[in-house]
Amino acid sequence: MENNYKSGFIAIIGRPNVGKSTFLNRVIGQKIAIMSDKPQTTRNKIQGVLTLDDAQMVFIDTPGIHKPKHRLGDFMMKIAENTLNEVDAILFMINAKEGYGKGDQFILDRLSKVNSPVFLIINKIDLIQPEKLLELIEQYKDKGNFEEIIPISALQGNNVTHLLEVLKGHLPEGPQYYPKDQITDHPERFIITELIREKVLQLTKEEVPHSIAVVMENLEKRDSDTIFIQATIITERKTQKGILIGKQGSMLKNIGKNARKDIESLLGSKVYLELWVKVKKDWRNKQSQLHEFGFRN
Ligand code: GDP
Ligand code: MG
Ligand code: K
């Protein structure tokens, strides 16, 4: 890894429809984390990871920053505030066409209690005249302690590269948290492979040692309500492979059935789970394969 590598966690907040998802899609490309519309299962959802040669930006979703609609809201709000204090930067996005509103003030009040640097992102500038943009900047500039005010069009891409450059300049030196090709929701992927591993160990008892690994091969949304998952169970011995598959595949079927139930309740979605078993001798000793199996450093 290079010297001066920069990395950080970045929260994107703003009222609904200001263009947060459009922005993420532009930044991360079509490979954006697939789980964005499932119910919240983790505190902070990683929405996408942008890996550059000299920096890595991990964009996270911060639920609960909006005006609470129910009692749970207060609790979520507390969590959101804690999160916002822990991130390296906050992008507060507004819609240039709509201008200042009550919903914004609510978020600005929250942000005033937060220490992390806040960038005001004025999105949808393609919809307004330049004079209007200047007016907006005037109107907002004293409403918060903004590090910078950056106008963009997430839809057309205007100024998005500039925004990323500015953001990079503000990130601290840090490690590459995720592998280069890791753009999806890593924590959930990890939980899923752990759930599968757990079922293997429960059902095979002592016959299969803890040295097995489970590798996620594929995780994608096939249609509106099914998530398709392919995973491989890696063992070191051929005899273990036989046990894992079982008579006419019965063991693997059971592992799959039990794991699928748990994964479905984790993701709040129907899951199609396909499992494979592979033998790789001494995989634990092969440094080169560690990365492949999801171990880092
Ligand atoms: P979110 O709720 O904040 O995630 O907002 P979305 O990304 O879903 O965007 C809401 C709507 O605004 C969609 O119809 C987008 O196409 C549109 N939109 C987002 N960014 C822009 C922009 O820069 N210009 C224009 N004209 N429309 C945009
Ligand atoms: Mg969205
Ligand atoms: K996500």
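Helices are DSSP runs of H or I with at least four residues, numbered from the N terminus. In this predicted model, one such run is helix α6, spanning residues 186–204. T204 belongs to this helix. T204 has a relative accessible area of 0%. Buried means under 20%, so T204 counts as buried. The side chain of T204 also makes a polar contact within the protein. It reaches the backbone oxygen of V200 at 2.7 Å.

Strand β5 covers residues 118–123. All of its residues, 6 of the 6, are buried. The strand is therefore largely enclosed by the rest of the structure. Cover is found on both faces. On one side, V118, L120 and I122 are buried. On the other, F119, I121 and N123 are buried as well.

Two strands pair with β5. The partner β4, residues 89–95, runs parallel to β5 and is joined to it by 6 bridges. Within this pairing, N123 of β5 stands opposite N95.

F119 has E148 of β6 as its bridge partner. Here the chain crosses from β5 to β6 through helix α4, residues 130–141. This β-α-β crossover, too, is right-handed.

Ligand 1 is surrounded by 14 residues. The closest are N17, K20, T22, K124 and D126. By class, the shell holds 5 nonpolar, 6 polar and 3 charged residues. Helix α1, residues 20–28, supplies the largest share of this shell, with 3 residues.

For the side chain of S153, the corresponding N or O atom is 3.1 Å from a ligand oxygen. On its own, ligand 1 has 590 Å² of accessible area, and the protein covers 72% of it.

How values were computed. Residues are numbered from 1 along each chain as its sequence is written. Chains are lettered from A and ligands numbered from 1 in the order in which they are written. This is a predicted model: local features need pLDDT of at least 70, side-chain atom pairs count only at pLDDT 80 or more; totals for chains, interfaces and linings use all residues. Side-chain values use heavy atoms; hydrogens and water are left out. A residue is near a molecule or strand if one of its heavy atoms lies within 4 Å of it. A polar contact is a pair of N or O atoms within 3.5 Å; within protein, one must be able to donate a hydrogen and the other to accept it, and residues adjacent in sequence count only if both atoms are side-chain atoms. Accessible areas come from the Shrake-Rupley method with a 1.4 Å probe; for residues, only the protein chains shown count as cover. Ala, Val, Leu, Ile, Met, Phe, Trp, Tyr, Cys and Pro count as nonpolar, Asp, Glu, Lys and Arg as charged, and the others, Gly among them, as polar. Buried means under 20% relative accessible area, exposed over 50%, partly exposed in between (1.4 Å probe, protein chains only). Two strands pair if DSSP finds at least two bridges between them. A crossover is right-handed if, with the strands pointing away from the viewer, the path from the first strand over the helix to the second runs clockwise.
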